[in-house]
Amino acid sequence: MLEWSKTWVSNVAGEIAIVFALAIWVTSLPRVRRKMFEVFLYTHHLYILYIFFYVLHVGVGYFCMIIPGIFLFVIDRYLRLLQSRQHAKLDSARLLPCGTAELNFSKTPGLIYNPTSILFINVPSVSKLQWHPFTITSNCDMEADKLSIIVKSDGSWSQKLYKELSSSLDRLEVSVEGPYGPSSSHFLRHDLLVMVSGGSGIAPFISIIREILFRSTKQKTRVPAILLICAFRNSADLTMLELLLPISVNPTEISHDVQLQIEAYITREKGHPNIDYNAQNSTRTVWFNPDPLDSPIFASIGPNSWLWLGAIISSSFVMFLFLLGIVTRYYIYPIDHNTDEIYQFSYRCLWDIFLVCVCIFTVASIGFLWQKKENMKKIQNLQMGSSTASPKPVDRELESFPKQCLLQATNVHYGARPDLKKILFECKASDVGVLVCGPKKMRHEIARICSSGLANNLHFEVISFNW
């Protein structure tokens, strides 16, 4: 049990691997994961030690069986690490009175993503270790050089971030990973799109609405009608509807062919409050002065990411086989056959692990730095043709223009919850896409309605952020 054999598998390495695996398994139990998420998250980083000792235990033969998966996983993690080491250029933030902030980053025009994509962000001034995913609300075509996310201050991390943004900051240091998301905008195939949200669940629907607004400007492009049903606790949350349109886009330039109807429900207030939207506590925009070393968000391996990723995988694997052949032929083989010694079993495994890491780190770093250099050239060319002056705050009259435009399409219901069954059954379009993002109870209710068989035109899809 305690033997570390030089010529065969190591029992000690296997026992150590089991200990790490048990720690990962115990913290994965639902009760532990939900009540102590950070313990669950940080414990799972023990997978590195688990794989290391597992390979030492099973040997080179079994390692070769799992090496394709190891290769893909290490390449993905290393590319994400390279991207996360960069500081993103944060230009501005829109602060809403409901405790929600919209962060606006610079991005390269070549960065393409689809609606409902997410972006992981890390703010060292709030927490150096925590990374949080947020839905991207901007449209990569409508806003070619901007990427936006919204953060609702529900938890301790987001509340600290909102306080940071509300203070007199000249610059906020932010690192990002992503974006990650779906490969297509399949929701455009429907005749009517019914989107039901609860609270901050409206975030993915903002990106979908902006995509539809952009598509509507193209000739001979059919877009679905939109019915947005959103439930909020307080009337202050209604200001989140202002985020449906970006400040940088003039609402008069948007096609009027889009059929947009918004039904907003305020569940905890029974009367219309007297709100002065021109007061100082209304939506305000904070502009930052980014550091010259902060870089716009860019695709880590370029616009042709699949080609570059294929090249990195294939070339690093060929390089691994080549180096492994050299080490085996000119170092391990002479010891096994020209001396009385047998090359230690564990050392063979260490050579394989070392060469895998060296090949991946070398090839992926070259690919990443090459793409970064190309992106920096494009950014410099764009900056030469634009003004180098600091951005000026948006005129309050222009800032309120989107809100005035949306008020005409919005009906607000106080002290009530949406009758989802009645609303969905009254949809007479032949093909109705039903998207929901909100509390578990809401998702299950809509799923039961759509699967009841009483209406054949409803097609259900859920957007959930439960981990």
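A residue is called buried when its relative accessible area is under 20%, exposed when it is over 50%, and partly exposed in between, using a 1.4 Å probe and protein chains only. By this rule, 46% of the 467 residues of the protein are buried.

The model is a predicted one, in which local features need pLDDT of at least 70 and side-chain atom pairs count only at pLDDT 80 or more, while totals for chains, interfaces and linings use all residues. Residues are numbered from 1 along each chain as its sequence is written, and side-chain values use heavy atoms, with hydrogens and water left out.

The score pLDDT is the predictor's confidence in each residue, on a scale from 0 to 100. The protein averages 82, and 85% of the residues score at least 70. In residues 387-401, however, the pLDDT is below 50, and this stretch has 16 contacts in the model beyond near neighbours in sequence. A contact means heavy atoms within 4.5 Å. Where pLDDT is low, the predicted coordinates should not be read in detail. Among contacts in the protein with a separation of 6 or more, 79% are between residues 24 or more positions apart.

The secondary structure consists of 13 helices and 13 strands. These are DSSP runs numbered from the N terminus: helices are H or I with at least four residues, and strands are E with at least two. Two strands pair if DSSP finds at least two bridges between them.

In which order do the strands of the six-stranded open sheet stand? The order is β11-β9-β8-β7-β12-β13, with parallel pairing. At its edges are β11 (410-414) and β13 (458-462), each of which pairs on one side only. Neighbouring strands of this sheet are turned by 15 degrees against each other on average, direction ignored. Within the sheet, β8 (residues 225-232) and β9 (residues 260-266) are joined in the parallel sense by seven bridges, and F232 stands opposite I266 in β9.

Two helices lie across strands of this sheet. Their directions are given by axes, which are lines fitted to C-alpha atoms, for helices over the stretch in contact; angles run from 0 to 180 degrees between N-to-C directions. Helix α7 (residues 203-215) lies across β7 (192-198), β8 and β12 (432-437), at about 155 degrees to β7. Helix α13 (residues 440-450) lies across β7, β12 and β13, at about 155 degrees to β13.

Another open sheet has three strands in the order β4-β3-β6, with antiparallel pairing. Because β4 (132-135) and β6 stand at the edges with a single partner strand each, one side of each is left without a neighbour in the sheet. The twist from one strand to the next averages 25 degrees. Four bridges join β3 to β6, and N122 stands opposite S175 in β6. In the loop between β3 and β4 is P124, which is partly exposed at 24% relative accessibility. The C-alpha atoms of P124 and E173 are separated by 6.9 Å, although the residues are 49 apart along the chain.

Two backbone details belong to this region. Most residues other than glycine have a negative phi, and most peptide bonds are trans. T116 is not a glycine, yet has a positive phi of about 70 degrees; T116 is in the loop between β2 (100-106) and β3. The peptide bond from G178 to P179 is cis, with omega near 5 degrees, and P179 is found in strand β6.

The aromatic rings come last. Rings of Phe, Tyr and Trp (its six-membered ring) pair if their centres lie within 6.5 Å; planes under 30 degrees apart count as stacked, over 60 as edge-to-face and the rest as tilted. The structure holds 14 such pairs. One of them is Y47 with F73, edge-to-face at 5.4 Å centre to centre and 85 degrees between the planes. Y47 lies in helix α4 (residues 47-58) and F73 in helix α5 (residues 60-84), so the pair ties together parts 26 residues apart in sequence. Y47 is partly exposed at 23%, and F73 is partly exposed at 38%.

F120 and Y180 also form an edge-to-face pair, with 6.2 Å between centres and 65 degrees between planes. F120 lies in β3 (residues 118-122) and Y180 in β6 (residues 175-180), so this pair ties together parts 60 residues apart in sequence. F120 is buried, at 14% relative accessibility.
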